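Please read them with the coordinates open.

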Amino acid sequence: MSPQFEIQLIAVTVAVACALPGVFLVLRQMSMMSDSITHTILLGIVLAFFITHDLSSPLLLLGAALMGVATVWLTETLYRTGLLKEDAAIGIVFPLLFSLAIILITRYAGSVHLDTDSVLLGELAFAPFDRMIIAGRDIGAKAIYTTGILLLINLAAILFFFKELKISTFDPMLAAILGFLPGLVHYGLMTMVSLTAVGAFQAVGSILVVAFMIGPPVTAYLLTDDLKHMLILSSLAGAFNGIAGYRAAVVLDVSIAGSMAVMTGILFLLVFIFAPRRGLVSVLRRRSRQKIEFGKTLLLFHLYNHEEKVKVQEGVAIDTILLHLHWHERFTKNILWRLQKDGGIRIENKIVKLTNQGRQASLQAYEELFMQ
Amino acid sequence: MNSFFALLGDYTFQTVALGSMLLGIISGVLGSFAVLRKQSLLGDGVSHAALPGVVMAFILLGSKNTEILLLGALVSGLAATLFIIAITRHTRIKFDSALALVMSVFFGLGLVLLTYVQKIPNSNQAGLKRFIFGQASALLQRDVHLMAACGLLLLLLVMLFWKELKLFTFDSDFAHSLGFSPKTLNLLLSAMIVLAIIIGLQTVGVILMSAMLIAPAVAARQWTNRLWVMAILSAFFGGISGLAGTAASSLVPKLPTGPAIVLCVSLLVLISLLFAPGRGILHKLYRQEKNRRLLKTEGAAGNVSSI
């Protein structure tokens with residue numbers, strides 16, 4: 001396998017492995033927990049290093065994953081005291097643990113190569129140098145296997161516990177009543193997030209793990225209402241970001257992980273603007289259409305009301321309408337013009353009159369709205 | 001003790017301590033609003049989002065002056081905040097997801113720009129990264145002056161718009177009905193918080209800045225139910241931790257300043273959570289125990305009729 005292919009393979013695997021638990025983080029409104037965990041795993045690595053004194057020991061990863069779960073537990077214990085909000089609890093726990101890690105590193109591990117930069121920033125370009133060698137044969141980059149195993153674990157967990165995850169995400173009360181132990185599911189999910197963060201930060205750096213975990217699910221969230229579709233779309237978006245980001249990085253000769261994060265942002269921006277139904281364009285169009293519909297109906301009601309109350313058929317002056325409805329002049333003109341085009345009103349000498357058709361439309365709208 | 005007094009006369013210590021104290025005071029006051037509005041993680045987000053601005057400012061203006069880099073950080077921090085506000089306003093995506101997304105993407109962009117800069121021949125780019133990750137001991141007197149000026153501006157703004165900010169923080173709908181635009185107030189408050197974060201970047205760095213914004217305010221919140229008391233207490237806590245952290249890092253060898261400050265402020269939070277009268281955990285336990293005793297000895301009968 002060429003290094004280019006290996007890097008892309010790792011990128012796609014990491015991206016999909018991150019996107020899967022990320023979907024649940026986004027839906028549970030716990031996105032910032034991923035940020036917290038990706039920082040505190042540094043402390044786990046440092047502590048485990050003090051025990052093993054070996055930077056390549058798998059215990060380091062275990063320590064990191066445990067620290068991730070401990071972070072969640074600490075944050076929630078703090079939050080449960082009821083003395084502070086959830087976001088504040090996150091914002092207190094992870095800087096503290098991170099500070100401890102930095103202090104430990106500067107004080108005791110200064111001579112060892114345990115670099116904060118390499119944890120926080122990571123670099124995918126170096127991944128192919130670390131080979132997996134079994135029985136003297138080179139069978140590909142190590143990261144392919146670690147991230148591959150990670151992806152398999154996440155896939156299996158979500159497939160097996162799909163029902164539990166789904167119900168405890170959308171209705172934790174119901175899940176508790178049905179005996180699904182939402183607490184257990186929660187910590188299971190958090191273990192998955194920690195493991196994923198640990199497995200992924202070596203490749204892409206811990207801060208960008210957040211982009212991989214949150215970016216694709218948020219993008220998918222704007223496109224679908226179905227959890228399964230959201231999982232699939234997130235994985236696809238993650239894979240796309242991985243490959244496109246890598247290609248862009250090669251062309252521009254810049255940081256691969258950074259470029260993937262930027263690609264995540266670009267894809268999100270495109271979906272944010274153009275998504276059907278939930279995109280910016282369609283939301284704004286819908287809002288302005290609703291505003292006009294509302295204005296038309298309201299004006300018809302107003303005119304009809306005038307006819308009934310005053311018992312005069314000679315209509316209402318435009319100035320009076322402006323005075324009564326407190327609308328902007330341009331908006332009023334727009335509504336009047338539209339109603340006139342529809343044939344609901346006639347305007348003669350700045351006097352607005354309801355036509356028969358307008359009267360009927362007004363009555364019909366009234367019945368639809370209030371006579372259920 | 002002697003070494004402590006010797007420290008007080010030390011020029012570097014004075015500069016760094018003054019800078020950290022100022023930072024603590026400023027972020028304490030603005031943090032009160034951020035914490036009450038449940039936007040405390042904005043500090044974390046914006047400080048990450050500052051990276052592309054710093055690098056961009058360096059690329060465009062070719063200077064490593066603190067003012068210019070801070071200006072770049074400010075611009076990209078504000079841009080990130082605007083993105084977050086736009087995303088939460090127009091879609092169903094919640095604040096936390098929007099924050100996580102925007103900050104990580106901006107940080108990624110910053111990394112891309114950094115690697116781009118590194119390729120420019122003779123570009124003396126070293127130190128840009130350090131700028132973002134903070135190094136209090138590298139503070140210069142000029143930087144402290146800049147911090148003081150920004151801090152004064154922010155405090156003046158807070159005093160000037162006190163009523164509006166208070167109303168908006170506690171009941172934005174009511175503020176809207178009184179004719180204060182919540183959009184404008186949100187922008188104003190966010191911009192002020194961003195400015196406070198940016199001036200703290202150099203001292204404690206990206207990751208620890210969020211603690212400076214949150215922890216003093218959370219600690220202060222436990223002691224009072226009044227906003228002005230909270231803001232003043234929070235400023236006090238922030239300032240004290242800044243000073244204590246700097247002193248600790250100067251006295252103890254190999255203790256970095258930023259993390260030391262965070263340790264101090266976290267300790268304050270712990271003390272406040274445990275010992276604050278009324279809200280504190282110990283007081284709550286004491287009250288529970290008292291009620292339990294009362295219930296045991298007198299039974300509930302005495303109180304039932306009065307309920």
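1. In this predicted model, the crossing of α1(A) and α6(A) is left-handed. The two helices, α1 spanning residues 3-27 and α6 spanning residues 142-160 of chain A, have axes that come within 9 Å and cross at roughly 25°. Since angles under 35 degrees count as roughly parallel, α1(A) and α6(A) are therefore described as roughly parallel to each other.

2. On the α1(A) side of this packing, the residues that meet α6(A) include A:Glu6, A:Leu9, A:Ile10, A:Thr13 and A:Leu20, while among their counterparts in α6(A) are A:Ala143, A:Ile144, A:Thr147, A:Leu151 and A:Ile158. Sorted by class, the contact of α1(A) with α6(A) has 13 nonpolar, 4 polar and 1 charged residues.

3. Turning to the contact between the chains, 49 residues from chain A and 45 residues from chain B take part. On the side of chain A that touches chain B, the elements giving two or more residues are α2 (31-52), α4 (86-108), α10 (206-221), α12 (256-274) and α13 (280-310), and the largest share, 13 residues, comes from α4(A). By class, that side of chain A has 29 nonpolar, 14 polar and 6 charged residues.

4. Within chain B, B:Val46 is placed in helix α3, which covers residues 42-61. B:Val46 counts as buried because it has 33 C-beta neighbours inside 10 Å, where 20 or more are required. Leaving aside residues up to four places away in sequence, B:Val46 touches B:Gly77, B:Ala80, B:Thr81, B:Val194 and B:Ile197. The C-alpha atoms of B:Val46 and B:His90, which are 44 residues apart along the chain, are separated by 20 Å.

Conventions:
Residues numbered from 1 in each chain as written. Chains lettered and ligands numbered in written order. Predicted model: local features only at pLDDT ≥ 70, side-chain atom pairs only at ≥ 80, totals over all residues. Contact = placed C-beta atoms within 7 Å. Helix = DSSP H or I, 4+ residues; strand = E, 2+ residues; numbered from the N terminus. Nonpolar A, V, L, I, M, F, W, Y, C, P; charged D, E, K, R; others polar. Buried ≥ 20, exposed ≤ 12 C-beta atoms within 10 Å, placed from the backbone. Axes fitted to C-alpha atoms, helices over the stretch in contact; angles between N-to-C directions. Parallel < 35°, antiparallel > 145°, perpendicular 65-115°, else oblique. Left-handed = near helix turned anticlockwise from the far one by under 90°.
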